[in-house]
Amino acid sequence: MGLNFIVAKTSCGALEYMKVARVSNLASTIEELKKKNIWIYCADMDGQPWCKTDFSGGCALVIGNEGKGVGRLIKEKCDVTVALPMRGKVNSLNASVAAGIIMYEITKQRLGI
């Protein structure tokens, strides 16, 4: 799906303020970002706790799809895997919820909140 009217409406206007990059090859884009000293973090269930991760430097966040998560090749290219530990019968969150929580932590660390 592209960044169309529905996406803009669903984001409640946040799309107007977010930088979005479309790439044709995620694996090669990760390699290019690493050359620019950007650390690549991916969200996956077997990672270190998100709230104990240092996001202070340049970073890019990879969120996998719901159900399958981040693919093996992409996960191997990432520098750090972070997890949102779950309890009870729910073992994972919606991808957008997980992304929001981790992006908030990144912002919090950068702003010193």
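Trainee: Which residue takes a positive phi just after H4, and what is the value?

Mentor: In this predicted model, the residue to look at is Gly-112, which comes just after H4 and has a positive phi of about 70°.

Trainee: How many residues does H4 have, and what span should they give?

Mentor: The idea is to compare an expected span with the distance between the ends: at 1.5 Å a residue, the 17 residues of H4 should span 24 Å, and because the end C-alpha atoms are 24 Å apart, the two agree.

Trainee: Which residues of H4 are buried?

Mentor: A residue is called buried when its relative accessible area is under 20%, and in H4 this holds for Ala-95, Ala-98, Ala-99, Ile-102, Glu-105 and Ile-106. They cover an arc of only 130° around the axis, so they sit on the same side of H4. On the other side of H4, Ser-96 and Leu-111 are exposed.

Trainee: What covers the buried residues of H4?

Mentor: The cover includes strand S1, strand S2 (59–63) and strand S3 (80–83).

Trainee: Where is Cys-42 placed, and what does Cys-42 touch?

Mentor: Cys-42 belongs to strand S1, which runs over residues 39–49, and with a relative accessible area of 0% it counts as buried because the cut-off is under 20%. Leaving aside residues up to four places away in sequence, Cys-42 touches Val-62, Val-70, Lys-75, Cys-78, Val-80, Thr-81 and Val-82.

Trainee: Which residue forms a salt bridge with Lys-108?

Mentor: The partner of Lys-108 is Glu-105, and their closest N and O atoms are 3.3 Å apart. Both residues lie in helix H4 (residues 95–111), three residues apart, which is about one turn of the helix. Lys-108 counts as partly exposed, with a relative accessibility of 29%, while Glu-105 is buried, with a relative accessible area of 5%.

Trainee: Which residue forms a salt bridge with Asp-44?

Mentor: Asp-44 is paired with Lys-75, and the closest N and O atoms are 2.8 Å apart. This pair links distant parts of the chain, since Asp-44 is in strand S1 and Lys-75 is in helix H3 (residues 72–77), 31 residues apart. Lys-75 is partly exposed, at 22% relative accessible area. A network of salt bridges links Asp-44, Asp-46 and Lys-75.

Trainee: Which residues make the nonpolar surface patch?

Mentor: The patch is made by Leu-3, Met-18, Val-20 and Met-103, and its area is about 360 Å². One of these residues, Leu-3, is found in the segment before helix H1 (5–10), and Leu-3 counts as partly exposed because its relative accessibility is 42%.

Methods:
Residues numbered from 1 in each chain as written. Predicted model: local features only at pLDDT ≥ 70, side-chain atom pairs only at ≥ 80, totals over all residues. Heavy atoms only, no water. Helix = DSSP H or I, 4+ residues; strand = E, 2+ residues; numbered from the N terminus. Buried < 20%, exposed > 50% of the residue type's maximum accessible area, 1.4 Å probe, protein only. Contact = heavy atoms within 4.5 Å. Patch = residues over 30% accessible without salt bridge, like charges linked within 9 Å, V, L, I, M, F, W, Y side chains within 5 Å. Areas by Shrake-Rupley, 256 points an atom, 1.4 Å probe, with all protein chains shown as cover. Salt bridge = Lys/Arg side-chain N within 4 Å of Asp/Glu carboxyl O. Expected span 1.5 Å × (residues − 1). Arc of directions from axis to C-beta.
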